[in-house]
Amino acid sequence: MIRIVSRCLLSGVLWSTAVGCVSVSLRLRGMGSWLPEMPARVGDWVATETPLSLETRSRLGNPRARSMVYRNAHGESVVVHALAPKVFQGFGELAPIEMDYKILARQSRPLSGLHGAVSASAYESIRTPGLVLHALRWIQTPSGRVFPFEPDVGSNPVARLRRGFELLTRDPQACAVHVTTMTSPDGAGAGQVRRNVHEIALGVLSYASRQREASR
Amino acid sequence: MSVATPAPRTSERYQIAWRRLGLAMVTDGIPFAVACFEPIRWMFWLWTQPGYPTSWQVAVPLGSLLIAHSRMGDAQRIALELERLFPDPGSPQRRGNIALLILGGLVLVSAHVAVSPPAAMVGLVCTCAGWALRRFGPFVMRALVPAFLFLLLAVPFPHHWMNALSGLMSMLVNKIAGQVLTATGLTTQSIGAVLYVGASATPMFTGQSLSGFFVIPATMAVALTRVLVSRSDIRAALQRLVLAGSVAGVVNFTTICLLAVVIHRSGDRSLLALRLEWVTFGIAVMISELLYRFRSGANTHLAGAP
């Protein structure tokens, strides 16, 4: 009797592991299959589609990507990259930021009118001191949920596990959105640059929610 | 008066053995194969990537099997002895703790969640070891521990560590190869991980394929397998490992220097695309084995001398 119970326990643990592994694999199979639509205009900003560089794409595991540059009448520009990664590296830092910039500050904060937090970061260029890159990033699901971006998800096992768990419990079709722009080395207009990034981020998110409403 | 049970006939014995095997496949084999399918697929994908710095890890499971096979006699002898001393199959001497198996299962599922090949490989080793511990008990397991520890060599290095380490080794190897080539009268310049030979501005080596990151650990892993299979003592094992590492290093540098000289003389830069790490590894293994045999032969001769 003891032998049978012991055998069942052993087999039970092995079968539970197998079922767990298969269900996780099946659930995460939907990764990289969805990208949000981008607005052609946000206020007086006009979008131009530009392809993501091949190097960045290959470093991020060749995700599906949509990249837009928004320009206004004052000559200012904000870049938006939406990436649908098939591997976890795709949820990490963009290659030029990883190689050419050092982090100055990073925080997660709610964006007005949004359920969920986005990650706000500032980086200084290594080659041109004083040149600061501002970025607002988030992970977005087709159902409109937003959760913070973790730049070290490719290298930090705990962040990777957390991201995997979030994808499992929320939606594996999530994509990463990066909204970035730069201030000049003299630091002039930093406040305006941050407002620009906010405006475009809100424009992209509200366009996605309008599209969702329309498709219902 | 007791009546002796007649021994089962050969055909019945086969039937019983097949039935047991079938049951073991359903209870243990199938779930294990299902749980390990994705990690093994990831590993093979990684190991077969062109230019993957540690693709020698593909041979580690084979080495582990060789080590386990060399210790199977001991494991069987211990199992029979335990069966005689402790007839109860549920006794703690014959049935180990299940905690390691549960831990292995948790790590394996977490590795699936994080899509992490290193964690998956650790989970795989823990699950195998936990199963063996539970099924055969701690005493039999002790005989098989070296095989499971060796299997840990198949755990892939995290990507960023590997990039940093292989970059560092490329730089080191290029610096030394540059100095060797300068000593032979060639003009060289070593900038970072790139070696320039002659007056040409085209880089001669990026140092990735022959950085030593592949050849040295691979040759040492072969030496470690030989040490564990032959059960050498610590001193002999260390000697063998140091010898293998040194020979691999020397063969690697020699290959780089020879290739640089050949390319410099012939001017054929297409030779730069050659991937010579497996050839270099084969030569390093052969030389280190011959040297070890020669050395141990000499020692035996001395030991036998009056």
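Okay, quick definition before we start: when I say helix, I mean a DSSP run of H or I with at least four residues, and helices are numbered from the N terminus. And keep in mind that what you see here is a predicted model.

Let's begin with the second largest pocket. Its volume comes out at about 1600 Å³, and 44 residues line it. Which helix gives the largest share of that lining? That's H1(B), with 13 residues. Other contributors of two or more residues include helix H5 (117-151) of chain B, and H1 of chain A is on that list too. If you go looking for the pocket's centre, B:Trp131, B:Ala132, B:Arg135, B:Phe136 and B:Leu144 are the lining residues nearest to it. By class, the lining has 31 nonpolar residues, nine charged and four polar.

Now, on to where the two chains meet. Chain A brings 26 residues to the contact and chain B brings 30 residues. Together they bury about 2400 Å², and 72% of that is on carbon and sulfur atoms. On chain A's side, A:Arg7, A:Leu10 and A:Leu14 supply 25% of the area buried against chain B, more than any other three residues.

A:Arg7 turns up again, by the way: this residue makes a salt bridge with B:Asp28, with the closest N and O atoms 3.3 Å apart.

Key
Residues are numbered from 1 along each chain as its sequence is written. Chains are lettered from A and ligands numbered from 1 in the order in which they are written. This is a predicted model: local features need pLDDT of at least 70, side-chain atom pairs count only at pLDDT 80 or more; totals for chains, interfaces and linings use all residues. Side-chain values use heavy atoms; hydrogens and water are left out. Contact means heavy atoms within 4.5 Å. Buried area is the accessible area (1.4 Å probe) that two parts lose on being put together, summed over both. A salt bridge is a side-chain nitrogen of Lys or Arg within 4 Å of a carboxyl oxygen of Asp or Glu. On a 1 Å grid over the protein atoms alone, a cavity is a set of points where a 1.4 Å probe fits but cannot get out, and a pocket is an open set with protein on both sides within 12 Å along at least five of seven lines; lining residues have an atom within 4 Å of a point. Grid points are joined across faces, edges and corners, and a volume is the space filled by probe spheres set on the points. Ala, Val, Leu, Ile, Met, Phe, Trp, Tyr, Cys and Pro count as nonpolar, Asp, Glu, Lys and Arg as charged, and the others, Gly among them, as polar.
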